[in-house]
Amino acid sequence: GKQFDAHKLVLAAGSDLFRNTFAAHRPAADKVMQKERISLTFDFLLPETFALVLESLYTGTIMVSEHTVSGTVRLAAHLGIQPLRRCLIAYLCQIARPENVEELQSLGQELQSQDL
């Protein structure tokens, strides 16, 4: 899989999942802080989707299309990035059309979102 470099502080500040993961794996107080790699596998997404979400954690903005938004909102929900999840759900509501309403309803159920 593809590897991404990121600062733990940025990941933990923006994501409930990363915050909990890093809190559970804190080094002992007497150990010297060192760079450490973590490896996470997400079977349901493309590396490009994670790249979008990672960039949004650093910049506070995200550029999605109708083709990438579903995977991106799934990842935001999985990672516990609530502001991004809310923003993407609002975008999905804006692009709702008769031909995609069933897909959006299914996604809404998956994400337990009453807005979709």
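Gln112 counts as exposed, at 71% relative accessibility (exposed means over 50% relative accessible area, buried under 20% and partly exposed in between, with a 1.4 Å probe and protein chains only). The model is a predicted one, in which local features need pLDDT of at least 70 and side-chain atom pairs count only at pLDDT 80 or more, while totals for chains, interfaces and linings use all residues. Residues are numbered from 1 along each chain as its sequence is written, and side-chain values use heavy atoms, with hydrogens and water left out. Gln112 is placed in the segment after α6 and has a positive phi of about 55°, although it is not a glycine.

Ser113 lies in the segment after α6 (101-110). Ser113 is buried, its relative accessible area being 11%. Residues up to four places away in sequence aside, Ser113 touches Arg85, Ile89 and Gly108, where contact means heavy atoms within 4.5 Å. A polar atom of the Ser113 side chain lies 3.2 Å from the backbone nitrogen of Asp115. A polar contact is a pair of N or O atoms within 3.5 Å; within protein, one must be able to donate a hydrogen and the other to accept it, and residues adjacent in sequence count only if both atoms are side-chain atoms.

The secondary structure of the protein comes to six helices and zero strands, and the order of elements from the N terminus on is α-α-α-α-α-α. Helices (H or I, at least four residues) and strands (E, at least two) are DSSP runs, numbered from the N terminus. Of the 116 residues of the protein, 31% count as buried. Among contacts between residues at least 6 apart in sequence, 59% join residues at least 24 apart.

Helix α4 is largely enclosed by the rest of the structure, because eight of its eleven residues are buried. These are Val69, Ser70, Gly71, Thr72, Val73, Leu75, Ala76 and Leu79. The buried residues of α4 pack against α2 (16-24), α3 (47-59), α5 and α6. Just after α4, Gly80 takes a positive phi of about 75°.

Two packed helices are described by the angle between their axes and the distance between the axes. Axes are lines fitted to C-alpha atoms, for helices over the stretch in contact, and angles run from 0 to 180 degrees between N-to-C directions. The axes of α4 (residues 69-79) and α5 (residues 82-94) come within 9 Å and cross at roughly 150°. That angle makes α4 roughly antiparallel to α5 (angles over 145 degrees count as roughly antiparallel, under 35 as roughly parallel, 65 to 115 as roughly perpendicular and the rest as oblique). The crossing of α4 past α5 is left-handed; a crossing is left-handed if the near helix is turned anticlockwise from the far one by less than a right angle, and right-handed if clockwise. Val69, Thr72, Val73, Ala76 and Ala77 of α4 make the contact with Leu84, Arg85, Leu88, Ile89, Tyr91 and Leu92 of α5. By class, this contact of α4 with α5 has nine nonpolar, one polar and one charged residues. Ala, Val, Leu, Ile, Met, Phe, Trp, Tyr, Cys and Pro count as nonpolar, Asp, Glu, Lys and Arg as charged, and the others, Gly among them, as polar.

The axes of α3 and α4 come within 9 Å and cross at roughly 60°, an angle that makes α3 oblique to α4. This crossing of α3 and α4 is right-handed. From α3, Thr49, Phe50, Leu52 and Val53 meet Gly71, Thr72, Leu75 and Leu79 in α4. The contact of α3 with α4 has five nonpolar, three polar and no charged residues.

The classes in the contact of α4 with α6 are two nonpolar, one polar and three charged residues.

Leu104 is also placed in helix α6 and is buried, with a relative accessible area of 6%. Leu92, Ala96 and Leu116 are touched by Leu104, not counting residues up to four places away in sequence. The C-alpha atoms of Leu104 and Cys93 are separated by 8.3 Å, the two residues being eleven apart along the chain.
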